Every structure is written in C-alpha cells, then in structure tokens.
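Work through these exercises with the structure open. Each task is followed by a solution in short steps.

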Amino acid sequence: MLYDHVWFALRNLARSRLRSFLTMLGIFIGIAAVVSLVSLSQGLKTSIAEQFDKIGADKIFVSLKGTQTGAFADVSSRALTNDDAERIRRVGGVGGVSSYLREGATVESGDEQGVFAVLTLPEESDDRRVLIDTASWELASGKWFDKDDAAHVVVGSDVTNAGLFKKQVALGSKITVQGRTFEVAGVLKKIGDPDTDSGIIMAESTGRELFSVPETVSAIIVQTAKGADPLVVADAIKRSLRTFRGVDKGKEDFDLQTPEDILQTLNQVLDIIQVVLVGIAAISLFVGGVGIMNTMYTAVLERTGEIGVMKAVGARNSDILAIFVAEAGFLGVVGGIIGTFFGMGIAYAVKVGAAIALGTELIQVFFPWYLVAGVLAFAFIIGSLSGALPAYQASRLPPVEALRYE
C-alpha cells in the first residue's frame, strides 16, 4: 500500500513538472543558503581549530587589560615590560617566555612610502623559537637575520607580492624604516593575517633603539614546561603578576588567555553569526512552505473529480490523505536535494574565490553527514506539514460531491 501511495504521488508530480519545479524554488533556495552558510562556518571553525593546534595547548598569552591578545596588542601607559617577563620566568611550571614590541612605522621603498606594522624578534634563540612557533611564521624564501643583526629585516608576503610598492620589493631589496635603511633578508609565507602579511620583522635591540622604547613589550607569550597544566600555571602567573604590579584580585590590569580560551570565544562569535544567518535563510524556507501549500490547494481543486473516482472505487480517507501528503513531502525533499547540491557549489565557489583573492586556505568547507541528512529531513517535514491541511481537506471530500467535477 505504501508503495502505491508513493508511486501515485510521484506520477502526479511528473504530470505537472513545471509547476512542481516552480514550487520547489523557495525550498531549494532556502536549503542552499542554509547548507552553504553552515558548511562555511563549520569549515572556518575547523580551520581555526587547526591553526590553534599548531600554536599548541601549552601556550599562555599575557596582554594588557582591554587590548587585543596576540601579535598586535596596543601599548599603553601602564604597559607590560621586560621586568614582567622576567618575573614570569621564575614562576613554577613555566618552560619558556617570549615577548615582542609592536609599533607602526613609516616604511619607504624608492620614492614611495606607507605605514606598516613593525614587530621585534627576541635575540635569545629559545625566546625566538617560542614566538616564531606561536605566530606560525614560516619563511617562503631567504633566511632569518642573526640575533645581533641590525641591518636586515624579514617582511610579510604582501610587501613583496601585493603591489604595495610600484617597484617590487624582493630579497636583497633596500627599504627604509623610520629613516633607517635595511636589507630584506627573508620573506614570510602568507598566513592570512593582514598585519603580519604586510608587516616588517626586525631584531629586538634594533627596534627598541629605532622607536626609543627601552623596556616596554606589547605582549608576553609563555610556554609551559612539559607535563605542566596550563591552567594551573596561568593561575600561578596571575598571582605572581598581581603581587609584582601591585594590583588587587579582580582589579588586574592585565589579561591571561590560553589558546582554548581564545578558541572558545571565537567559536561563540561564529555560532552567533551562524544562527543569525541561518535564521535569515529560514525565511526562504517559510516562503517555500507557503508555495507548497498553495500548490497543494490548487491540486485539490483541479483533481476533485479524480478524488471522487478514487473514493468511488474504494479508496479510504487515509489513502487520499497519504497520497497528497506524500506529494507535498516529495516536493520538499526534491527541493532539498537540489538545494543541497546548489549550496555545496556555492560553498566551494566561496572557498576557491577566497583562496584566489586572499591567498589563504583559512576558508574551508565542511559537509558532515548529519548536515545533509538534517536538511533533507527538514525539507521533507516542511513539505509534508505545508501539504497536510490541503491533504486533509481533500480526504474529507464527500464522494458524491467530488464526482460532480469529473
């Protein structure tokens, strides 16, 4: 019996292919929007998680309260200093400490100039390693300058490739930073961060002399000792810095964050954005459901005589109800299938477009089986519910009245 209902519903849809397709438009547009948005946001979350895996769970970031954590925190009057970094080194469970200075500087190449971010690289090899690993800096060409090298810098990929200067900057090129001339010793691989990709990295002693900043640091990166719990170490660092900086508990003028903290915050933001976007896309699904309901009402009116014939030859109300609900459900699920493939295509197009335009692989797509199964089930439910009332009215038509339209 179920087979007969399904076959009959499919035959009826095939007889009015154009109307069926137009009815499905609202469903597959909505499903395409949901699939593409969810897959892109999930892919971005996965990609971000992979980036934080590279950083490692054993890192702790110390920055000023209210400033941006990471490589580009701002310096204020109550700045962190090298003394804070040295204090942290003496905390139990700390394996390595690195700090850096970040300043904006006027950079000239030939007769052109612009303002770029300048980062300093510590001179001690262990401190260098912590910063380079945490920031995921990799050289595309050239080499890192020596710790006491005051004449060379490493530049971001956009400085050489993005046309920031008409005369291309390359290995061995001369650039002027704050009035001092440097030679480009290395070029970083593109990582997708605008400041890093268009930034300049120089030796710490050189940067401090250039900007007249003898002690200030923009942020401190801590690597915990092997086997140490980062949460326990972070709590110990917080207690030590409170004492050292003379601030009370709850009134700290600094922040401590682990990669997990930052990742959790980013995921919360992405989840909120995803819910808002899916909510907007759901409007299309509602419109699609209204379209299916309208189509089913029209079908009931057109096929009133057919319904009367089916009832005259023994069809029950439940049979009529099942046939019309199946038709509506198939309109939804076919629209869902088309929308799913269309949404996948949109997502992949965005991924490729971002890779070409931004030169980064950070934008990824993710199609878990439960996403595909969920949207198809949802499309079927939307279709079935939209067709339920017209189907019920069709099943309640008296046979004698229905046969008048035959």
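**Exercise 1. Find which residue of β12 stands opposite Ile-60, and how many bridges join β1 and β12.**

Solution. This is a predicted model.
- Step 1: Locate β1, residues 59-64.
- Step 2: Look across to β12, where Val-222 stands opposite Ile-60.
- Step 3: Count the bridges. β1 and β12 pair over four of them, in the antiparallel sense.

**Exercise 2. Work out the strand order of the sheet and say which strands stand at its edges.**

Solution. 
- Step 1: Take β3 and β12. Six bridges pair them, again antiparallel. Val-97 has Val-222 as its bridge partner in β12.
- Step 2: Take β1 and β13. They run antiparallel and are joined by four bridges. Here Phe-61 has Gln-257 of β13 as its bridge partner.
- Step 3: The four strands form an open sheet, ordered β3-β12-β1-β13, with antiparallel pairing.
- Step 4: Read off the edges. β3 (94-100) and β13 (254-257) each have a single partner strand, so one side of each lacks a neighbour in the sheet.
- Step 5: From one strand to the next it averages 20°.

**Exercise 3. Decide how β12 is covered, and which way its residues point.**

Solution. 
- Step 1: Apply the cut-off. Buried means under 20% relative accessible area.
- Step 2: Count. Six of the six residues in β12 are buried, and the strand is mostly covered.
- Step 3: Sort by direction. Ala-219, Ile-221 and Gln-223 point one way from β12. Ile-220, Val-222 and Thr-224 point the other way. Both sets are buried.

**Exercise 4. Describe how α3 lies on the sheet and how α3 packs with α8.**

Solution. 
- Step 1: Two packed helices are described by the angle between their axes and the distance between the axes.
- Step 2: α3 and α8 (residues 230-245) pack at about 135°, with axes 10 Å apart. That makes α3 oblique to α8.
- Step 3: α3 passes α8 in a right-handed crossing.
- Step 4: List the contact. Asp-83, Asp-84, Arg-87 and Ile-88 of α3 meet residues of α8, among them Ile-237, Leu-241 and Phe-244.
- Step 5: Sort by class. The contact of α3 with α8 has four nonpolar, two polar and four charged residues.

**Exercise 5. Classify Glu-327 as buried or exposed, and find how far Gly-383 lies from Glu-327 in sequence and in space.**

Solution. 
- Step 1: Glu-327 lies in helix α11, residues 317-358.
- Step 2: Its relative accessible area is 2%, so Glu-327 is buried.
- Step 3: Glu-327 and Gly-383 are 56 residues apart in sequence. Their C-alpha atoms are 8.4 Å apart in space.

**Exercise 6. Find which residues of α7 are buried, and what follows α7.**

Solution. 
- Step 1: α7 spans residues 204-211 and is mostly covered, with six of eight residues buried.
- Step 2: Those buried are Glu-204, Thr-206, Gly-207, Arg-208, Leu-210 and Phe-211.
- Step 3: Ser-212 follows α7, with a positive phi near 55°.

**Exercise 7. Summarise the whole protein chain: how many helices and strands, and what share of residues is buried?**

Solution. 
- Step 1: The chain has 13 helices and 13 strands.
- Step 2: Of its 406 residues, 47% are buried.
- Step 3: Take contacts between residues at least 6 apart in sequence. Of these, 78% join residues at least 24 apart.

Conventions
Residues are numbered from 1 along each chain as its sequence is written. This is a predicted model: local features need pLDDT of at least 70, side-chain atom pairs count only at pLDDT 80 or more; totals for chains, interfaces and linings use all residues. Side-chain values use heavy atoms; hydrogens and water are left out. Two strands pair if DSSP finds at least two bridges between them. Helices (H or I, at least four residues) and strands (E, at least two) are DSSP runs, numbered from the N terminus. Axes are lines fitted to C-alpha atoms, for helices over the stretch in contact, and angles run from 0 to 180 degrees between N-to-C directions. Contact means heavy atoms within 4.5 Å. Angles under 35 degrees count as roughly parallel, over 145 as roughly antiparallel, 65 to 115 as roughly perpendicular and the rest as oblique. A crossing is left-handed if the near helix is turned anticlockwise from the far one by less than a right angle, and right-handed if clockwise. Ala, Val, Leu, Ile, Met, Phe, Trp, Tyr, Cys and Pro count as nonpolar, Asp, Glu, Lys and Arg as charged, and the others, Gly among them, as polar. Buried means under 20% relative accessible area, exposed over 50%, partly exposed in between (1.4 Å probe, protein chains only).
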